[in-house]
Every structure is written in C-alpha cells, then in structure tokens.
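Thanks for coming, everyone. Please bring up the model, and we'll walk through a few spots together.

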Amino acid sequence: MAAFSDDDHRHMARALRLAEQGLYTSDPNPRVGCVLTRQGEGSGGVVGEGFHRRAGEAHAEVNALTAAGERARGATAYVSLEPCSHTGRTGPCAKALVRAGVARVVVAMQDPNPQVSGRGVALLEAAGIQVDVGLLHEEAQRLNPGFVARMTRQRPFVRLKMAMSLDGRTAMGSGESQWITGPEARSHVQRLRARSSAILSGVESVIMDDSRLTLRAAQLGLDNAEEVARRQPLRVIVDTRLRLPLAAACLQAPGRTLVVTVPGAEGSGYASDKRAALEAAGAEVVTLAANAEGRVDLAALMDFLAATEEVNELLVETGATLAGAMLDAGLIDELWLFMAPTLLGAGARALFALPGLERMADQRRLHIHDIRAVGQDFRIIASPLPTSAPSDTKVP
C-alpha cells in the first residue's frame, strides 16, 4: 500500500463526507464522493467536488470534473470507490478521468462489482495515471455495506429494527404497541427506512398494526426530507397463506408492495382467487420456494431480493416469529434495538421467538457496537455472533 500524506487523508475524508450526501438517494447504486485537487490552487488546493446523488444521474467523478473544468488537467482525484470502467446508465468514469488529464487517482476501496473490480484501476494505469488504493478503506466499506454484500454474497445487508421495553417486551398481550419509544427514536427509524432499499415484515405484524411501512417526511428530520420521501423503499410482506387483507394500508400507500408466498398458497383454505384479488388491489405477488415446513424459504427470499430487486440494504420490521426465524437462519447482519424506559410485564409479547433455547450453552450471544441515548430512549446496535446449531423456528 502506498504511503499516504496528511493531505491525502484530509481530501479522502472530504470525499467520504460528500459520498454521505447520497446516503438516502443513490440506491441501488453505491454512495460515492470525489474531490479534485491541484497544487497552487486556493481553498486548500481543491478545484472540484462531487457526489453521486441518484441512479441514472452523473457519477461523483463526472460531477467533480464538471466543477473543475480545465483545472482538472494535472490534478489528483480522491474517489471513495474505484471509478467504474463499464457503461451502464452512464458512461465509464475511469475514461472520463483519463480524458480530463488527471495525473493521479487515490481510491479508498476497490469496487466489489465483478464488472468493475480492478478494471477501473487497470484502465487508469494503462493511461499512465498513478493510482493508489486503500486510503480509508474501512470507512469507505462502512458507507456501502449493502452494495458490498450484494456484490460479494449476492444477498442484501440485513438490519433488524425492534423497539422494546426495559423488560424486553415489544407489545402488550393484545398486540397493542404504539408507541413504546419516543419521537426521537421514531425519527431514527425513519432514517433507517430512508437508507434502505426495502422493508421486510411478516403478514401477522402487518395485520396486527395495519402498518403502511412508508417514509414520513415530517419525521425524517432532514433538510431534503421531501425529496428523500419521494423514493419509497420496496415493501416486502412474507405471507405464506396469502392472508394480507385487501384493504391493508400498505396496499394504499405510495410505492410498491411485494407479497411473497409459496406454491399452492391459493389452495390452502383461502379463496383460490386471492392472488388475483391482491394483485388487483395493488400488490405484486411473488411465489418462491418453500422450506421443509412449507413456509417461505427466507434464504431464497434474500437471494431473490438481491438478484431481482437490487436490494442493497434490507430493513426488517416485524414481530417475534419472523425476527426469530431470520436470526435462526443466520440472515441478520445487524440489530438496532430501541429500548424505552418502561415496563410492559410478563404477559406482554417477547422480542424474539427462539424455541429450543433450554441451556446456557444455547444462548445467542451478540457483539455490541454502540449504545447511546436517543431522546428518552436508548439505542443499541449489535451483531449476532456465530452459532453452531440453529433451532427449528417457524415463519408466518
């Protein structure tokens, strides 16, 4: 790895901050920032900056080159992700940098996309441009966990969000759950939704809460909240027996609702035309493979969402059964637990349905990354530690 100067670190840190401006809008493309610098220029040598706002629009490098104009010749480009070398909805950024006559390109991380991976660097080097890779690599990866997961594992990066009381309960025994946490926590959840490609829930939770599973601009707390809310995440409902009511709020909400079921669901005691009725009500019904119990195969669902829907980051907002099944299947990458200073009692609903945990050796350990106060509540970010023996958990 090249030896990087203090100026290199400063400019790449700026490129990463620029990339963050596409956090809620660039999906399904990665968030990318670019800074162009040249010795002898004012403003710390910066001659152009740019970030990728949304798919189909100019990439970060092109925006920075446009801002720099002729001053890009002989400049150094700091890019948070390897410049693309292929033509997609836009032209290859590596070629744009070559045409602009930049002298050096500093890249935070190699693109995990097999169409690009290493090819962008090779194209730049073939043109005689010095390329240095690896500066603030971990920070760049953290900015695009879903894109990296989809390109390397062919699955989304999966976050599970749950709100709970101090005694680990999510709702009263009747199912009543609004609201456990305060407005600050709900605003955080809205931003989690906004950065996600899709929101996954089980049909039982949707029936119980009649959730819309949408972005609400008023709760986002962002300067560009209205713009962000226009890009509604895909709603995905796991519904093995097609029980979703035709009048469900999620079917009336803006954006797409995907209802995922299994072969033969129409003949499971419900009207044989339920699929057609759901589609007429606005749902897109998808049939995927069933697991050994005849329920939706959750691993197959993750594969489908990555391959067919280009889902980078998936937010799971659901009840104990599907949450437990996802955890059991090893499909959760990160948990966001919002804990309110309240007690709901032993008769209230538990956080996870995890049957088969009978000994201390069976417990599911978590690694906690962060704990902080959010208004009157606490937010815990954790990831599951590996387990050797998943239990037999059912899904809705």
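Start at Ser80: its side chain reaches the backbone nitrogen of Gly33 at 3.0 Å. That is a polar contact, meaning a pair of N or O atoms within 3.5 Å, where within protein one must be able to donate a hydrogen and the other to accept it, and residues adjacent in sequence count only if both atoms are side-chain atoms.

Two notes on the source. This is a predicted model, where local features need pLDDT of at least 70, side-chain atom pairs count only at pLDDT 80 or more, and totals for chains, interfaces and linings use all residues. Residues are numbered from 1 along each chain as its sequence is written, and side-chain values use heavy atoms, with hydrogens and water left out.

Where does Ser80 sit? In the loop between strand S3 (76–79) and H3. Helices (H or I, at least four residues) and strands (E, at least two) are DSSP runs, numbered from the N terminus. Ser80 has 3% relative accessibility, so it counts as buried (under 20% relative accessible area, with a 1.4 Å probe and protein chains only). Beyond four places away in sequence, Ser80 touches residues including Met12, Leu16 and Ala140; contact means heavy atoms within 4.5 Å.

Next, Ala253. This one is in the loop between helix H11 (249–252) and strand S10 (257–261). Ala253 is at 8% relative accessibility and therefore buried too. Not counting residues up to four places away in sequence, Ala253 touches Arg212, Thr214 and Arg235. Its C-alpha atom is separated by 9.4 Å from that of Gln232, 21 residues apart along the chain.

Methods. Buried means under 20% relative accessible area, exposed over 50%, partly exposed in between (1.4 Å probe, protein chains only).
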